[in-house]
Amino acid sequence: MIRILIVDDHPAMRAGLTAVLRAEPGFVPLDAATSEKDLWPTLNRTKPDVVVLDYHLPGDDGLVLCRRIKRQVPAPAVLLYSAYAEAALTIPARLAGADGLVSKSAPANELYDAIRRVARGERVLPPISRELLDDAGNRLSSEELPILGMTIEDTPLREIASTLGVEPAEIAHRIDRMIKRLKIDVPAPRAAG
Amino acid sequence: MTLLLMTRLLAAAVAVLLLLVHRVTPHDAELIVAGVAYTAGSLAVLTAVPRLQLAPAAWLADGALALALVAASEDWRSPFYVLMLTALILPSTGQSFRRALAWGLAFALAYLGVAVYTELDADTLESTIRLETIATHLMVPLVVVLALAYAADVLERLRDERLRSERLAVESERQRIAWELHDSAKQRVHAAHLVLSALQGQVDGAQAQLVGHALAELRAAGADMDTSVAELRTPLEGRSVERMLEQRAAELAPVSEAQITVRGTIGELPAHIAAHVYRIGAEALTNAVRHGEAEHVDVVLARNGSTATIEVRDDGRGLPAIRRPGSNGLRSMRARADTIGATLSLGPADGGRGTSVVLSLSTDPDPGSFTP
């Protein structure tokens, strides 16, 4: 039994997701949240196993929200659900601590599969290609590269901090900045993605 | 031109009338013929060849002929004076304010020359009334130029302002439609696709086929919407085609095996044409990078007079003999080229290896510019 919280600002998407997840045995969709504002009460009340999180939300985007959710103890698995699940999102998603990344255009069984796997503690992220790393390397400073490398190798925050000799809070702050620099901009006035 | 036509006809009529009722010179009959010939001839030529209405050489010839008429009438207070002034209309409205003023000043001096040539003498300069008359005659060309150039300037600015606000209105409407397509319609398509895809594996046989078909349609609808959204946002917002192509090349670089270069410039193009040109170029570039298996992809932009060209050249495996299924990129490139009246040619690149896509477009100067 996997309990799932949906965060999406579009009503059709929320309704569709809830219906699809309810139809699948073993899944229990909980209340859906439309934005960060109603996410926290719902999250605290329902304690879901998996959060299916829209990438592009009004206000702070899914990556920022993902970071905040993953700071909860215990943190649910987070599956980023995006209309822009292009390879370019992989590194920012990884930095944000997302457990999975699924395209909104993927069929339901792919979504089911991804939810089951992240619920088991697995990662469902596309592999990080050489080109993506090079591109990220061009956009980050030389101080940030070791953080990226260690994050990709699943080094815990505390260890990264002690390796580099800085406070864990400072590392967290730097990761926030790196995400901002690497994330892809959604080219819309207020597009839901 | 309408202003010139009306005033010149009127001035010619006045001149002929004056020559008829008042004996000015011993050869009034010839003067009438010359005045009518000048009026009819100049108007006919300027109407037949509209290009001349904006040509300084034509203005100069027109002004010289008008001054010649005044000289021929042997008096600077000529019946052709007003007719002469009409030669100032085109130069006043067809160039910048400053240049128009300079032109008026030069014209007044030329008129002074004609006056000296005819019978402006010491006698005239001593008589206050005569002196005042010549001063007025010299001032009038300047006043005419000043008034006309000012009016033309104001009209031009009004027109620019109107164009700008129209463009803004269109632009904001496009943005709104793009946003709605993306924010609402596309989300619904995603939701429908997801819900329907949950049926896959639960139905079989003919029903499974139906579901598969519907899913394919929904995916195509989503892709169509992406294209539409991209197109609605195409106006390059003042950025040049080459800069946008450079940006596209930079986007493709991380996923490309090929070395991409963009060079040359295509010059100024009207916004909607530039948008299509960019999309065609970007599509050709994307195709070369994705399907060409090339080592080098070169985008060369050029402008030669009124002809603008873009060539996208690669050294890959060349055009496929059979179209890739589901590729409508080429079709949409052709459709775009047709829309803007450009020609698109595809073929093997120089040396027979790879593909060359050439878009060429004629950019005739806009004939709708302001003429009086």
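Me: What makes a stretch of chain A count as a helix or a strand here?
Reply: Helices are DSSP runs of H or I with at least four residues, and strands are E runs of at least two, numbered from the N terminus. On that basis, in this predicted model, chain A has 9 helices and 5 strands. From the N terminus on, its elements read β-α-β-α-β-α-β-α-β-α-α-α-α-α.

Me: How do you know that E3 and E4 of chain A are paired, and in which sense do they run?
Reply: Two strands pair if DSSP finds at least two bridges between them. Strand E3 (residues 50-54) and strand E4 (residues 77-82) of chain A are joined by 5 bridges, so by that cut-off they are paired. The two run parallel, and A:Val50 stands opposite A:Ala77 of E4(A).

Me: Why are E2 and E5 of chain A called edge strands?
Reply: Here the order matters: the open sheet of chain A runs E2-E1-E3-E4-E5, with parallel pairing. Strand E2 (27-33) and strand E5 (100-103) each have a single partner strand, so one side of each has no neighbour in the sheet.

Me: Why is A:Gly16 called buried?
Reply: The cut-off is 20 or more other C-beta atoms within 10 Å. A:Gly16 has 25 such neighbours, so it counts as buried. This glycine is found in helix H1 (residues 11-23) of chain A. Of the 193 residues of chain A, 40% count as buried.

Me: How do you know that A:Gly16 touches chain B?
Reply: Contact asks for C-beta atoms within 7 Å. Leaving out residues up to four places away in sequence, A:Gly16 touches B:Ala191, B:Leu194 and B:Val195.

Me: What makes up the side of chain B that touches chain A?
Reply: In total, 20 residues of chain B are in contact with 25 residues of chain A. Helix H8 (128-197) and helix H9 (206-232) of chain B each supply at least two residues of that side. The largest share, 12 residues, comes from H8(B). By class, the side of chain B that touches chain A divides into 7 nonpolar, 9 polar and 4 charged residues.

Me: Which residues touch the most other members of the largest nonpolar core?
Reply: They are A:Val52, A:Leu53, A:Leu79 and A:Leu80, out of 55 residues in that core. Helix H5 (residues 108-119) of chain A gives the most to this core, with 6 residues. The core also draws at least three residues from each of domain 1 (2-119) and domain 2 (130-182) of chain A. Among the contacts of A:Leu53 are A:Val7, A:Leu65, A:Leu79 and A:Leu80.

Me: What makes the sheet of chain B a mixed one, and which strands stand at its edges?
Reply: Strands of a sheet pair either parallel or antiparallel. In chain B, 5 strands form an open sheet in the order E1-E2-E3-E5-E4, and the pairing is mixed. Strand E1 (259-264) and strand E4 (343-348) of chain B stand at the edges, since each has a single partner strand. Neighbouring strands of this sheet are turned by 10° against each other on average, direction ignored.

Me: How do you know that E1 and E2 of chain B pair?
Reply: The cut-off is at least two bridges. E1(B) and strand E2 (residues 296-304) of chain B have 6 bridges in the parallel sense, so they qualify as a pair.

Notes. Residues are numbered from 1 along each chain as its sequence is written. Chains are lettered from A and ligands numbered from 1 in the order in which they are written. This is a predicted model: local features need pLDDT of at least 70, side-chain atom pairs count only at pLDDT 80 or more; totals for chains, interfaces and linings use all residues. A nonpolar core is a set of buried Ala, Val, Leu, Ile, Met, Phe, Trp, Tyr and Cys residues joined through C-beta atoms within 7 Å. A residue is buried if 20 or more other C-beta atoms lie within 10 Å of its own, exposed if 12 or fewer, and partly exposed in between; C-beta atoms are placed from the backbone. Domain bounds come from an automatic or database domain assignment. Two residues are in contact if their C-beta atoms, placed from the backbone, lie within 7 Å. Ala, Val, Leu, Ile, Met, Phe, Trp, Tyr, Cys and Pro count as nonpolar, Asp, Glu, Lys and Arg as charged, and the others, Gly among them, as polar. Axes are lines fitted to C-alpha atoms, for helices over the stretch in contact, and angles run from 0 to 180 degrees between N-to-C directions.
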